[in-house]
Amino acid sequence: MSNTVTLPLWLLILILLFAAVTFASHFLFPSVRWFFRRRMERAVGELNKRLARPIEPFKLARRYDMIQRLIYDPEVTRAIVDYAKEEHVPENVAFEKAGHYAREIVPGFSATAYFTIGTRFAKWVSTTLYRVRLGEFDIGKVEALDRDATVVFVMNHRSNMDYILVGYLMSRASALSYAAGEWARLWPLGPIVRMMGAYFIRRRSRGALYRKVLARYVRMSTEGGVTQAIFPEGGLSLDGRVGPPKLGLLSYMVDGWAEGDRDVIFVPVALNYDRVLEDKFLIKADKSGNRRFKPPMMTIVRVSLRHFWQRLSFRFKPFGTASVGFGEPVRLSEIASAVPPEERAEAVGTRVMAHVRKVVPVMPVPLVSRVLLEQRDVSRGELEREVGAMIEGLQGKGLTLPRRAATEVVRDALALLTERKIVRETGDQVTIVEDTEDTHQFYANSIAHHFSADALEN
């Protein structure tokens, strides 16, 4: 036992390295993780005292634990067996595929990233790009909603700014969990979006195994009380209108709900802008009939560089107003008592999206574009009278309307439109620039339903 053993230096270094790794993995790392976990729990506890809707334990669970819980869920396990039989592959291969889907879907929420970096960034972007206006349904009503219920904000999808704008406005109420499309998986955006609590979905996946893994995750989140935000239209509006709901995520939330379960409250949220950043690409995609549009990288770089130069030279002008309106909440328990289970998702989608349309904010640019499409060449005085009459006709309907006089509304809208070279002012006359009618129609469509015969009678 006391004999001397001679070892090569490289072998000694290797043994010491293995010993250090073993010590760290068995003693050091668990202690460090426990230390930071305890600090995080205390920080979240203090944060929950200030939030209207505290962050639920489900959202704070470790990502690894959530993935394991998901892939060993009985319904997912049955789907794995069915997939193996249908595709004629071993069950362990099917299990690995389900694990891949779970790792792709499950977020890695960080309260620190969300409330220190994310919300501050969202506030800065929202308030520097737009003049932000909140509708009549104030945040106090969100705070007053049943604390035991799961709250789901259901929104129309006008721009990728929607995520940032609503995240900023709701930061005092709770941490939102979004369903993010495949575009958000790209590095370095993917890890950031995942830390912000978003879960990724493949909108075009038709595989039964993938749909089951996604459905179970969404249902677990809903049962766990996680505050969520969804866009039922399934993508950005290509023509400016609020589209019909696609029932995928909604059905995952309501399927299997029974009396006595945690109630689900759907809060309609309507967004509108004086300028949608992606409007040219959306209009082009609407014309071509191809939703899978991708802005050229050089265009993105050129626009970004121009934007930064305008900021550095103090010549940047905000893109007008961005506004958010809130509709009356819809309770799943009330829907469930009135319709059979197989019709619940459609009933929820139809009712909530009707409420969303009802509260779409009325903005200066859509108002002016609506008049210009009807009268291509109009005097400024006539334009002001027409805009004033439209605003007056919508008073008392619970809509978010411009708070300024019609002269100021027209002035601000024309400043934005002439800057974009889609309106021409010659003396007192205002004219649409040739070949820009599609852009004006895109914005006018966002409020057109407020002027339909049915809307004006109500």
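Q: Buried here means under 20% relative accessible area. What share of the 458 residues of the protein chain count as buried?
A: Keep in mind that this is a predicted model. With the cut-off at under 20% relative accessible area, the share of the chain's 458 residues that count as buried is 47%.

Q: How many helices and strands are there in the protein chain?
A: Let's take the helices and the strands in turn. The protein chain has 20 helices, and its strands number eleven.

Q: Which strands pair with S11 in the antiparallel sense?
A: Start with S10, residues 423-426, which pairs with S11 in the antiparallel sense over four bridges. Then there's residues 377-379, a strand that also runs antiparallel to S11, over three bridges. That gives S10 and S9.

Q: Which residues make up the covered face of strand S11?
A: In a regular strand the side chains alternate between the two faces of the sheet. In S11, residues 429-432, Gln429 and Thr431 lie on the uncovered face. The covered face belongs to Val430 and Ile432.

Q: Which residues stand opposite Val430 and Ile432 of S11?
A: Both Val430 and Ile432 sit on the covered face of S11. Ile432 has Val423 as its bridge partner. Opposite Val430 you'll find Val378.

Q: Which residue takes a positive phi in the hairpin of S10 and S11?
A: S10 and S11 are paired in the antiparallel sense, and their hairpin has two residues between the strands. The phi in question is near 65°, and the residue that takes it is Gly427.

Key. Residues are numbered from 1 along each chain as its sequence is written. This is a predicted model: local features need pLDDT of at least 70, side-chain atom pairs count only at pLDDT 80 or more; totals for chains, interfaces and linings use all residues. Side-chain values use heavy atoms; hydrogens and water are left out. Buried means under 20% relative accessible area, exposed over 50%, partly exposed in between (1.4 Å probe, protein chains only). Two strands pair if DSSP finds at least two bridges between them.
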